[in-house]
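Here is a brief report on one protein model. Keep the sequence and the structure in view while reading.

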Amino acid sequence: MNKTIAMLVAGGLASVLASSAAWAGPQYVDDSGYAVSGYDVVAYFDMNTSPIGEPPAAVPGSTEFTAEHNGAVFAFSSAANRERFLNEPARYAPQFDGHCAFGVAKGGKVPGDPNLWRIVDGKLYLNLQKSVAEMWLADIPGNVATAETNWPNIEAAPASDRQVPELPANDPAPERR
């Protein structure tokens, strides 16, 4: 576990949040007690990524710079990023409340991995695991359109709390999750 993330988990606020359910409102919150596992959502927008391949690693947030939005606490790597978020939280918060974009396209809610991300048309999307991200990348426009159609019908449903096994990259049946 990243040292900064470990600090987030050890923080007093994280302890209170982590002791509750995985939900702190509509935004998905994992055991770290923070939205997006305590990574800085604003920092994604400052990184360069190619349309293929793995994106750069997410930037850890700090307990020193936090803000609440959508029922969850977000952590940031700097005061400047926190201010940018506070000025436009809908711009920086991940789509589908931090759930896997491909999962939503397939009609379900599973957590998104902060290190499997893409900015598409100015929006942050997370995916569950590398093989799922590869399937999502195969048709981003189609998957985004399908996910946006599905989201209103599944947004209120609770997220899955099951561990999802890593699928082989060539597995054509993501519905096995």
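Start at one residue pair: Ile119 stands opposite Leu124 in strand 4. The model is a predicted one. Strand 4 pairs with strand 3 in the antiparallel sense, over five bridges. Two residues lie between the strands of this hairpin. Asp121 takes a positive phi there, near 50 degrees.

**Overall layout**

The protein has eight helices and four strands. Along the sequence they follow the pattern α-α-α-β-β-α-α-α-β-β-α-α. The protein has 177 residues, and 47% of them count as buried. Its accessible surface comes to about 8,600 Å². Carbon and sulfur atoms hold 54% of that surface. Take the contacts between residues at least 6 apart in sequence: 60% of them join residues at least 24 apart.

Nonpolar side chains in soluble globular proteins tend to be buried together.

| Core | Size | Residues include |
|---|---|---|
| Largest nonpolar core | 21 residues | Val36, Val41, Tyr44, Phe74, Phe76, Phe85, Leu124 |

What does Phe85 touch, leaving aside its neighbours within four places in sequence? Phe85 is in contact with Val41, Val42, Ala67, His69, Phe74, Phe76, Tyr92 and Ala93.

**Helix 7 and its cover**

Helix 7 spans residues 130–137. Ser131, Val132, Ala133, Met135 and Trp136 are buried in it. Which elements cover these buried residues? The cover includes helix 6 (101–105) and helix 8 (140–154). It also includes strand 3 (113–120) and strand 4 (123–127), the two strands of the hairpin.

**His99**

His99 sits in the loop between helix 5 (89–92) and helix 6. Is this histidine, His99, buried or exposed? His99 counts as buried because its relative accessibility is 0%, and the cut-off for buried is under 20%. A polar atom of the His99 side chain lies 2.9 Å from the backbone oxygen of Phe96.

Notes:
Residues numbered from 1 in each chain as written. Predicted model: local features only at pLDDT ≥ 70, side-chain atom pairs only at ≥ 80, totals over all residues. Heavy atoms only, no water. Buried < 20%, exposed > 50% of the residue type's maximum accessible area, 1.4 Å probe, protein only. Contact = heavy atoms within 4.5 Å. Areas by Shrake-Rupley, 256 points an atom, 1.4 Å probe, with all protein chains shown as cover. Pairing = 2+ DSSP bridges. Polar contact = N/O pair within 3.5 Å; in protein donor to acceptor, adjacent residues only side chain to side chain. Core = buried A, V, L, I, M, F, W, Y, C linked by side-chain atoms within 4.5 Å.
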